[in-house]
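Q: I am new to this structure. Can you show me how to read it, feature by feature?

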Amino acid sequence: MLTVYSPAHQRHNPSLELLDGKYVSPVESPQRVSEILQAIATTQLGPTLEAQNLGLEAILRIHDADYVEFLSTAWSEWVVSHGTYDALPLSATTRSFRSDRRPRCIEGKLSYYSFDAGTPLTAGTWDAAIASAHVALTAQAHLEQGSVFALCRPPGHHATQNLYGGYCFLNNAAIAAQALRDRGAERVAILDIDYHHGNGTQSIFYDRSDVLFLSIHADPADDYPFFSGYADEGGIAQGDGFNHNYPLPLGTQWHLYQDALHTALHRIRQFGPDALVISLGVDTFEGDPIAKFCLHTDDYRAIGALIASLSRPVLFVMEGGYAMEAIGQNVVALLRGYQDHA
Ligand code: SP5
Ligand code: ZN
């Protein structure tokens, strides 16, 4: 399978991350990509290709222009007042009281355009985020020749039209799905198998029936992002019936996980998409440092095989997964499981 990536991801390299009340070494680190690339090379999964710069047009199909403008200028504004330590928003009240007013100062803007304080913005964040979106778009452009793995970093599925958070700035999977639609696919399904609910992707397509969104994740009552991901979020207006959440309890193992996966795959078959986007997180792994599911490496092989049973072109888009010792083998297991059964 072809892998698309960009070395520009290394430019997003925060020094600290606020995680459950502690400043820790960022779990969302550049090493994640180098581990995956190394596993791809040693297992000879297939060729790798550097992403092309494809401009802003496809990104502005998903994200608001003022949000993109903010992301591209935030660091230079921040540096003027604070110098070069990482930028973090203080409040994550996201557009509650007086959400009609956009703050003038950079500290206020960071809060206006984000929904958590766990996502540092650094000197190279914009360069990395835009390159990550171009990884997804370059991969999308190669989908006609077969399924592709977009090795995106930073990840994307928590980013909404106008909010960053959860280590995500631009929603790579949503951008690619929209590009598929714009290039002739009538129906696209996005299956999100990251441990965390894909709140950003859900929000982007919540009122649409042309992009089916399904997400299997930890119960939001027990884990991040806390305020979405419940089973009764079914979509609105045109999109009613085209959003499906499968929240699972902490400690979930394969036998329970596979039931949700089978249900989701059944809905996708019924929908009949022209193409499938997989938001691929491997933070469902038993050894993940920030998550609490218990999947094993062999289970990822099985997930890949089940996805292959849909017989559709698949764009795999990298999201989360933080167990450094296993992230490479888990991603490759899933992609191989897919390839061996496609
Ligand atoms: C892309 C991706 O996987 N983003 C994940 C961002 C998660 N950040 C917050 C982690 C909070 C972990 N602890 C929550 C404990 C809940 N009981
Ligand atoms: Zn995640």
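Q: Which residues come nearest to ligand 1?
A: A residue is near a molecule if one of its heavy atoms lies within 4 Å of it. Of the 15 residues around ligand 1, the nearest are Asp20, Gly166, Asp222, Asp283 and Tyr322. This is a predicted model, where local features need pLDDT of at least 70, side-chain atom pairs count only at pLDDT 80 or more, and totals for chains, interfaces and linings use all residues. Residues are numbered from 1 along each chain as its sequence is written, chains are lettered from A and ligands numbered from 1 in the order in which they are written, and side-chain values use heavy atoms, with hydrogens and water left out.

Q: Which polar atoms lie by an oxygen atom of ligand 1?
A: A polar contact is a pair of N or O atoms within 3.5 Å; within protein, one must be able to donate a hydrogen and the other to accept it, and residues adjacent in sequence count only if both atoms are side-chain atoms. Here, a polar side-chain atom of Tyr322 is 2.6 Å from an oxygen atom of ligand 1. An N or O atom in the side chain of Asp283 lies 3.1 Å from an oxygen atom of the ligand. Asp222 uses a polar backbone atom, 3.1 Å from a nitrogen atom of ligand 1.

Q: How much of the accessible area of ligand 1 does the protein cover?
A: Accessible areas come from the Shrake-Rupley method with a 1.4 Å probe; for residues, only the protein chains shown count as cover. On its own, ligand 1 has 510 Å² of accessible area, and the protein covers 83% of this.

Q: Is Ser6 buried or exposed?
A: Buried means under 20% relative accessible area, exposed over 50%, and partly exposed in between (1.4 Å probe, protein chains only). Ser6 counts as buried because its relative accessibility is 11%. Ser6 lies in the loop between strand 1 (2–5) and strand 2 (17–19). Helices (H or I, at least four residues) and strands (E, at least two) are DSSP runs, numbered from the N terminus. The Ser6 side chain reaches the backbone nitrogen of Ala8 at 3.1 Å.

Q: What does Ser6 touch?
A: Contact means heavy atoms within 4.5 Å. Not counting residues up to four places away in sequence, Ser6 touches Ala51, Ala131 and Val135.

Q: Where is Arg187 found, and what does its side chain reach?
A: Arg187 is in the loop between helix 5 (172–182) and strand 6 (188–192). Its relative accessible area is 31%, so Arg187 is partly exposed. A polar atom of its side chain lies 3.1 Å from the backbone oxygen of Phe271. Beyond four places in sequence, Arg187 touches residues including Asp210, Gly272 and Asp274.

Q: How many residues of helix 5 are buried?
A: Nine of its eleven residues are buried, which leaves helix 5 mostly covered. Among them are Asn172, Ile175, Gln178 and Leu180. The buried residues pack against helix 4 (125–141), strand 6, helix 6, strand 9 (275–280) and strand 10 (314–318). After helix 5 comes Gly184, with a positive phi near 115 degrees.

Q: What is Thr43 in contact with?
A: Leaving aside neighbours within four places in sequence, Thr43 is in contact with Val332 and Arg336. The C-alpha atoms of Thr43 and Arg336 are separated by 9.5 Å, yet these residues are 293 residues apart along the chain. At 32% relative accessibility, Thr43 counts as partly exposed.
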